[in-house]
Amino acid sequence: MTDYHNPKLVVQPGKVRSGKITWRSPSNIALIKYWGKYEPQMPRNPSLSFTLDAAYTETILEYGPKMSDRPGVAVDFMFHKEHNKAFSQKIEKFLTSLLPIYPFLSQIDLTIFSSNSFPHSAGIASSASSMSALALCLCTMEDELFGTLSSDEEFERKASYIARLGSGSACRSIFARAALWGETPDAIDSSNEYAIGWGHHLHPVFTTFHDDILIISKDEKSISSSAGHKLMDHNPYAETRYMTVNARLKRLIGILKAGDVEAMGVLVEQEAYSLHGLMMLSNPPYLLIKANTLAAIEKLVRWRDEQKVPLYFTLDAGPNLHLLYPDECASTVKNFIQNQLLTHCVNGAYIPDKVGAGPIQL
Ligand code: DP6
């Protein structure tokens with residue numbers, strides 16, 4: 001077990017410096033999904049994702065000496081330049097939970113400005129990008145104040161660990177192109193506590209892969225991801241899921257290394273159907289896909305069969321469709337999206353995205 005609890009990370013009273021740190025961190029799309037967890041925020045199965053590019057969060061963290069004698073974490077949180085009570089409470093709770101790791105958080109004043117490259121109401125999950133951006137800012141602040149994270153490897157590992165505590169899938173956003181989170185005999189160094197970079201294993205065809213996100217609905221989901229994870233605790237099919245998902249991951253690892261686009265597409269679609277099947281088989285059952293999700297899937301499958309173009313899809317815990325395809329098919333697929341799929345999107349909304357180079361400090 002990694003133990004980041006560190007009572008020594010305290011600043012000398014009266015000697016707190018001020019600073020400003022900015023990170024841009026992307027979202028990611030899981031090909032094998034993290035679905036179900038146990039305390040403390042550990043995955044019940046390993047997952048593997050592509051890191052995205054266009055969908056990102058930019059977070060500015062300003063810190064300085066604490067002006068009040070209020071105990072605990074003092075944070076002012078702004079989302080898209082406005083105070084947001086719900087988000088502020090969530091961030092304060094998260095930072096408070098980090099006090100055993102970062103005791104200095106109670107000695108300083110923090111102001112955090114966060115904004116997304118995509119509209120908040122677009123219905124795409126922002127916890128991966130936002131929690132990874134915040135974790136990266138916190139690790140940079142640790143290094144500025146204590147000089148404790150000088151190696152890139154140690155920095156990324158800790159940022160991934162901290163991001164995981166904020167939101168499981170966020171731990172995978174720290175790495176360029178692809179990441180693997182969760183213990184598996186098929187990846188040395190894999191861990192339930194943090195993700196590891198996996199981009200260097202990808203066949204070149206996957207390093208330029210596209211993931212265009214069709215915005216099918218902007219409505220709030222009937223069941224949040226957190227509630228969905230919980231429902232896996234008593235899902236009668238959970239055992240089968242956890243018995244079979246490891247074999248699927250093993251196959252995907254081989255496919256991504258070999259560059260077999262068709263096999264990858266078949267596998268990720270099976271995985272997307274499994275995720276939503278598990279939701280329909282849970283107690284109580286629920287459905288997050290919409291009529292337009294199904295309509296778009298049917299069109300996509302028909303078009304793929306007719307045109308022989310390797311266009312595949314995956315879904316997160318929501319109705320929006322992620323379209324996966326190699327760069328060489330980009331112009332054909334973009335025409336198909338424009339002419340036939342945007343009618344299933346809210347006001348024709350979609351986010352063209354692709355595999356990206358990971359977070360950057362600005
Ligand atoms: C279906 O990471 O959002 O997108 O850990 O409770 O914050 P929390 O859950 P979250 O779950 C993501 C679930 C998923 C699959 C995935 O990204 O692996």
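Trainee: Helices (H or I, at least four residues) and strands (E, at least two) are DSSP runs numbered from the N terminus. With that settled, where does R177 lie?

Mentor: In this predicted model, R177 is found in the loop between α3 (152–166) and β8. Its phi is positive, about 65°, although R177 is not a glycine.

Trainee: What about the phi of H80?

Mentor: H80 is another residue other than glycine with a positive phi, near 50°. The loop that holds H80 runs between β5 (74–79) and β6 (82–83). With a relative accessibility of 36%, H80 counts as partly exposed.

Trainee: Changing topic: which peptide bond near P40 is cis?

Mentor: The bond from E39 to P40 is cis, with omega near -10°. P40 has its place in the loop between β2 (37–38) and β3 (42–43). The bond from N283 to P284 is also cis, with omega near 5°, and P284 lies in the loop between α7 and α8 (291–307).

Trainee: Now the whole chain. How many helices and strands does it have?

Mentor: The protein chain comes to 9 helices and 14 strands. Its radius of gyration is 21 Å, close to the 21 Å that the globule rule gives for 362 residues, so the chain is as compact as a globular protein of that length. The C-alpha trace spans about 70 × 45 × 40 Å along its principal axes.

Trainee: And what share of the residues is buried?

Mentor: Of the 362 residues, 54% count as buried. As for contacts between residues at least 6 apart in sequence, 75% of them join residues at least 24 apart.

Trainee: On to the open sheet: in what order do its 4 strands come?

Mentor: The order is β11-β12-β10-β13, with antiparallel pairing. β11 (312–315) and β13 (350–351) stand at the edges with a single partner strand each, so one side of each has no neighbour in the sheet.

Trainee: How many bridges join β11 to β12?

Mentor: There are 4 bridges between β11 and β12 (residues 321–325), and the two strands run antiparallel. Y312 has L324, in β12, as its bridge partner.

Trainee: Which strands does helix α7 touch?

Mentor: Helix α7 (residues 261–280) packs on the sheet and touches β11 and β12, its direction making about 30° with that of β11. Helix α9 (residues 330–341) packs on the sheet as well, touching β10 (210–214), β12 and β13; the direction of α9 makes about 5° with that of β10.

Trainee: Last, α6. What span should its 21 residues have?

Mentor: At 1.5 Å a residue, α6 (residues 238–258) should span 30 Å, and its end C-alpha atoms are 30 Å apart, which agrees.

Trainee: Where is the kink in α6 centred?

Mentor: The kink, of about 25°, is centred on T244.

Trainee: Which residues of α6 are buried, and what covers them?

Mentor: The buried residues include A238, R241, Y242, V245, R248, L249 and L252. Residues three or four places apart in an α-helix point the same way, because there are 3.6 residues a turn. Among the elements covering the buried residues of α6 are β1 (19–32), β4 (47–65), β8 (178–181), α4 (204–207) and α7.

Trainee: What follows α6?

Mentor: G259 follows α6, with a positive phi near 80°.

Key
Residues numbered from 1 in each chain as written. Predicted model: local features only at pLDDT ≥ 70, side-chain atom pairs only at ≥ 80, totals over all residues. Heavy atoms only, no water. Pairing = 2+ DSSP bridges. Contact = heavy atoms within 4.5 Å. Axes fitted to C-alpha atoms, helices over the stretch in contact; angles between N-to-C directions. Expected span 1.5 Å × (residues − 1). Bend = angle between axes of the 7 residues up to and from the residue. Buried < 20%, exposed > 50% of the residue type's maximum accessible area, 1.4 Å probe, protein only. Rg over C-alpha atoms; globule rule 2.2 N^0.38 Å.
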